[in-house]
Amino acid sequence: MLTLTGALLWRSEAPQLTLRWTHSVEKTTWEEVWQRDGAELVLTEARIEGSGAGMEPPPDARKEGHFWVWAPMVRLAEV
């Protein structure tokens, strides 16, 4: 896991990276799991502790403990 404020440059050879932050209004945790796939990054999983203030989980999200979890499967050349 990497905790940061500001920009991130992924130089690690690790195949996966988890970004975690606290929502500024709701004060709940949001996590995203990104994986490398060649030159692209794939958002394979997203987790939020609660909903509100523009962070509602999608209909396919499932409740796991304190988090709503889903698989966005978004592919990007950069984040």
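Student: How do I read strand pairing here: in which sense do strand 3 (residues 40-48) and strand 5 pair, and over how many bridges?

Tutor: Strand 3 and strand 5 pair in the antiparallel sense, over three bridges. Keep in mind that this is a predicted model.

Student: Which strand do three bridges join to strand 5 in the antiparallel sense, with residues 62-64?

Tutor: That is strand 4, which runs antiparallel to strand 5. Here Arg 62 stands opposite Val 69 of strand 5. Strand 4 and strand 5 form a hairpin with two residues between the strands, and Gly 65 in this hairpin takes a positive phi near 65°.

Student: Now the rings. How many aromatic pairs does the structure hold?

Tutor: There are two aromatic pairs. In one of them, Trp 21 and Trp 30 are stacked, at 5.8 Å centre to centre with 15° between the planes. The angle is what to read: planes under 30 degrees apart count as stacked, and those over 60 as edge-to-face. Trp 30 and Trp 70 form an edge-to-face pair, with 85° between the planes and 6.1 Å centre to centre. This pair links distant parts of the chain, as Trp 30 is in strand 2 (residues 29-37) and Trp 70 in strand 5 (residues 67-70), 40 residues apart. Together, ring pairs link Trp 21, Trp 30 and Trp 70 into a cluster.

Student: Why is Trp 30 called buried, and why is Trp 21 called partly exposed?

Tutor: Buried means a relative accessible area under 20%, exposed means over 50%, and partly exposed lies in between. Trp 30 has 14%, so it is buried, whereas Trp 21 has 36% and is therefore partly exposed. Trp 70 is buried too.

Student: And charged side chains? How many salt bridges does the structure hold?

Tutor: The general idea first: side chains of opposite charge can pair when their charged atoms come close. This structure holds six salt bridges. In one of them, Glu 31 meets Arg 20 at 2.5 Å, N to O. Glu 31 lies in strand 2 and Arg 20 in strand 1 (residues 16-22), so the pair ties together parts eleven residues apart in sequence. Glu 31 is buried at 6% relative accessibility, while Arg 20 is partly exposed at 41%.

Student: Which residue forms a salt bridge with Asp 37?

Tutor: Arg 75 does, with the closest N and O atoms 2.3 Å apart. This pair links strand 6 (residues 74-76), where Arg 75 sits, to Asp 37 in strand 2, 38 residues apart.

Student: What about Arg 62: which side chain meets it in a salt bridge?

Tutor: Glu 64 meets Arg 62, at 2.7 Å, N to O. Elsewhere, salt bridges that share partners join Arg 20, Glu 31, Glu 45 and Arg 47 into one network.

Methods
Residues numbered from 1 in each chain as written. Predicted model: local features only at pLDDT ≥ 70, side-chain atom pairs only at ≥ 80, totals over all residues. Heavy atoms only, no water. Phe/Tyr/Trp six-rings, centres within 6.5 Å; stacked < 30°, edge-to-face > 60°. Buried < 20%, exposed > 50% of the residue type's maximum accessible area, 1.4 Å probe, protein only. Helix = DSSP H or I, 4+ residues; strand = E, 2+ residues; numbered from the N terminus. Pairing = 2+ DSSP bridges. Salt bridge = Lys/Arg side-chain N within 4 Å of Asp/Glu carboxyl O.
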